[in-house]
Amino acid sequence: MTDLIKSTLFLKPTQLILTMPDGERQVIPLLKEVVRIGRGTENNDIPLPQEFKSISRRHLEIRREAGGYALLDLD
């Protein structure tokens with residue numbers, strides 16, 4: 001008879017790492033099926049500062065799909 005070895009497996013969620021222009025890094029776990037990124041807090045899960053004029057208010061979606069993630073440009 002074999003002895004059973006009890007163990008625990010800890011899984012980390014997929015993470016997005018943002019590096020700001022000043023070098024500050026933000027680690028953001030991707031816990032939702034759809035994560036929206038854009039300038040400001042309205043309708044965004046990951047709000048970026050208003051000063052980033054090259055990023056639109058609704059800029060990008062990250063969608064969890066079978067086997068990975070898809071990025072959708074929101075124009």
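This is a predicted model: local features need pLDDT of at least 70, side-chain atom pairs count only at pLDDT 80 or more; totals for chains, interfaces and linings use all residues.
Two strands count as paired if DSSP finds at least two bridges between them. Strand S3, residues 34–39, and strand S4, residues 46–48, pass the test with 3 bridges and run in the parallel sense. Within this pairing, Gly38 stands opposite Pro47 of S4.

The protein chain has 0 helices and 6 strands, and its pattern along the sequence is simply β-β-β-β-β-β. How does the radius of gyration of the protein chain stand against that of a compact globule? A compact globule of 75 residues would come out near 11 Å, but this chain has 18 Å. The box filled by its C-alpha atoms tells of the overall extent: roughly 65 × 30 × 15 Å along the principal axes. Buried residues make up 21% of the 75 residues. The accessible surface comes to about 6,300 Å², and carbon and sulfur atoms account for 53% of that. As for contacts between residues at least 6 apart in sequence, 24% of them join residues at least 24 apart.

Now back to the strands. S3 also pairs with strand S5, residues 60–65, this time in the antiparallel sense and over 4 bridges. Two of the residue pairs can be picked out here: Val35 stands opposite Ile62, and Arg36 has Glu61 as its bridge partner. In a regular strand, side chains alternate between the two faces of the sheet.

S5 goes on to pair with S6, again in the antiparallel sense, over 6 bridges. One of the residue pairs here joins Arg63 to its bridge partner Ala70 in S6. S5 and S6 make a hairpin with 2 residues between them, and Gly67, in the turn, has a positive phi of about 85°.

Put together, these pairings give an open sheet of 4 strands in the order S4-S3-S5-S6, with mixed pairing. Why is one side of S4 and of S6 left without a neighbour in the sheet? S4 and S6 (68–73) stand at the edges and each has a single partner strand, so one side of each stays without a neighbour in the sheet. From one strand to the next, the twist averages 15°.

The last stop is a loop residue. Asn44 sits in the loop between S3 and S4. Is Asn44 buried or exposed? Its relative accessibility is 10%, and the cut-off for buried is under 20%, so Asn44 counts as buried. The side chain of Asn44 reaches two backbone oxygens: that of Gly40 at 3.1 Å, and that of Arg57, which lies 2.9 Å from a polar atom of the Asn44 side chain. Neighbours within four places in sequence aside, Asn44 is in contact with Arg36, Ile37, Gly38, Arg39, Arg57 and Arg58. Some of these names have come up already: Arg36 is the bridge partner of Glu61 in S5, and Gly38 stands opposite Pro47 in S4.

Key: Residues are numbered from 1 along each chain as its sequence is written. Side-chain values use heavy atoms; hydrogens and water are left out. Axes are lines fitted to C-alpha atoms, for helices over the stretch in contact, and angles run from 0 to 180 degrees between N-to-C directions. The radius of gyration is taken over C-alpha atoms; the globule rule is 2.2 Å times the number of residues to the power 0.38. Buried means under 20% relative accessible area, exposed over 50%, partly exposed in between (1.4 Å probe, protein chains only). Contact means heavy atoms within 4.5 Å. Accessible areas come from the Shrake-Rupley method with a 1.4 Å probe; for residues, only the protein chains shown count as cover. A polar contact is a pair of N or O atoms within 3.5 Å; within protein, one must be able to donate a hydrogen and the other to accept it, and residues adjacent in sequence count only if both atoms are side-chain atoms.
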